[in-house]
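My notes are below, in the order I took them.

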Amino acid sequence: MSVKGCDSVEGGTVEDVFDMTGRPPKGWMHAIFHGGPYGEDVGRCIPGPPAPATLAVPLAEGGVHMYRLWTVGSWSDPDDPIAVYNPDGPPVPPRLLTAQEKQWTQEGQQRRGLGPVSLIALADDGRMVHDPDAPAIEALLAALQERQHLLLQRLTDHDEGDCYILVLFAEDATYEVEHQASTTGERYRTRSASQTEVRDAVLRWAADQASQRTELEGPTTGDDS
């Protein structure tokens, strides 16, 4: 394993950055990886703090190995945080666009001479689709692999609050669906093993058919659940 001091890695990449001296420079932090291609590395540094929620590592045979942040702690010095990554950690969904990001999206549309965006679709790999129609949503759902999410978010007025629906294809081949009502802020979670049922529920939500948005098996409701 080639070792490179963190004080000499400006412009380098996470893949070849190590520190054996005890304290990474500003903008870097130590990390521990359980399993995967980084499992045997000691002294590896990553950008931060804060530590990225996910790290995708290209594999020699093709594809990527996804690490997920499990916790951040320290052996002895609270000013030297250590990120712990676990390939079996909880799947990390795409984050909702902030009010500022919504504004930038709409301004970008305006500069291109296009109308405002009312709905976006966000995938784990960073893809963003503006105003996806039913076939596009169906294709995004059908492409989900285990531990992957699809997030649909309405770009509504700020006073209406965030309104989204989130789908996770879990390891047990079931779909977890969560949506938030813009007027009450309540989150509704359901689960189903039927891709067709989930597709229909998501399409109903996207069409704003409020009276029958999910109708999946075993719903739970709660402000913080």
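**Overall.** I kept in mind that this is a predicted model. I counted 3 helices and 12 strands in the chain. Of its 225 residues, 38% come out as buried. I also looked at contacts between residues at least 6 apart in sequence, and 44% of those join residues at least 24 apart. The accessible surface of the chain is about 12600 Å², with 51% of that on carbon and sulfur atoms.

**Helix H1.** I checked the length of H1, residues 99-111. Its 13 residues should span 18 Å at 1.5 Å a residue, and its end C-alpha atoms are 18 Å apart, so the two agree. Next I asked which residues of H1 are buried. They are Glu101, Lys102, Thr105, Gly108 and Gln109. These cover an arc of only 125° around the axis, so they sit on the same side of H1. I reminded myself that an α-helix has 3.6 residues a turn, so residues three or four places apart point the same way. On the face turned away from the buried side I found the exposed residues Trp104, Gln110 and Arg111. The buried residues of H1 pack against strand S7 (128-130) and strand S8 (148-154). Just after H1, Gly113 has a positive phi of about 75°.

**Helix H3.** I ran the length check again on H3, residues 195-206. With 12 residues, H3 reaches 16 Å from first C-alpha to last, close to the 16 Å expected at 1.5 Å a residue. The buried residues here are Val198, Ala201, Val202, Arg204 and Trp205. Seen down the axis, the buried residues of H3 fall within an arc of 160°, so they line one face of the helix. What covers them? I found that the cover includes strand S6 (119-123), helix H2 (134-142), S8, strand S9 (164-169), strand S10 (175-180) and strand S11 (187-192). H3 is followed by Asp208, which has a positive phi near 60°.

**Nonpolar cores.** I then asked which members of the largest nonpolar core touch the most other members. Of its 17 residues, the answer is Leu141, Leu144, Leu152, Val167 and Val202. S6, H2, S8, S9, S10 and H3 each supply at least two residues of this core.

Strand S3 (residues 54-58) has Leu55 and Val57 on a covered face, while Thr54, Ala56 and Pro58 are on the uncovered one. S3 pairs with strand S4 (residues 64-73) in the antiparallel sense, over 5 bridges. Thr54 stands opposite Arg68 in S4. The two strands form a hairpin with 5 residues between them, and Gly62 in the turn has a positive phi of about 105°.

**Prolines.** One joins Gly48 and Pro49, with omega about -5°. Another joins Pro49 and Pro50, with omega about 5°; Pro50 lies in that S2-S3 loop too. I also noted Pro25, which is in the segment before strand S1 (28-33). Pro25 has 28% relative accessibility, so it counts as partly exposed. Pro25 and Gly48 are 23 residues apart in sequence, and 10.0 Å apart in space from C-alpha to C-alpha.

I wrote down Arg147 first. Arg147 is not a glycine, yet its phi is positive, about 75°. Arg147 lies in the loop between H2 and S8. Is Arg147 buried or exposed? Its relative accessibility is 13%, so Arg147 counts as buried, the cut-off being under 20%. Ala173 went on the list as well, with a positive phi near 65°. Ala173 is found in the loop between S9 and S10. At 39% relative accessibility, Ala173 counts as partly exposed.

Definitions and conventions:
Residues numbered from 1 in each chain as written. Predicted model: local features only at pLDDT ≥ 70, side-chain atom pairs only at ≥ 80, totals over all residues. Heavy atoms only, no water. Helix = DSSP H or I, 4+ residues; strand = E, 2+ residues; numbered from the N terminus. Buried < 20%, exposed > 50% of the residue type's maximum accessible area, 1.4 Å probe, protein only. Contact = heavy atoms within 4.5 Å. Areas by Shrake-Rupley, 256 points an atom, 1.4 Å probe, with all protein chains shown as cover. Expected span 1.5 Å × (residues − 1). Arc of directions from axis to C-beta. Core = buried A, V, L, I, M, F, W, Y, C linked by side-chain atoms within 4.5 Å. Pairing = 2+ DSSP bridges.
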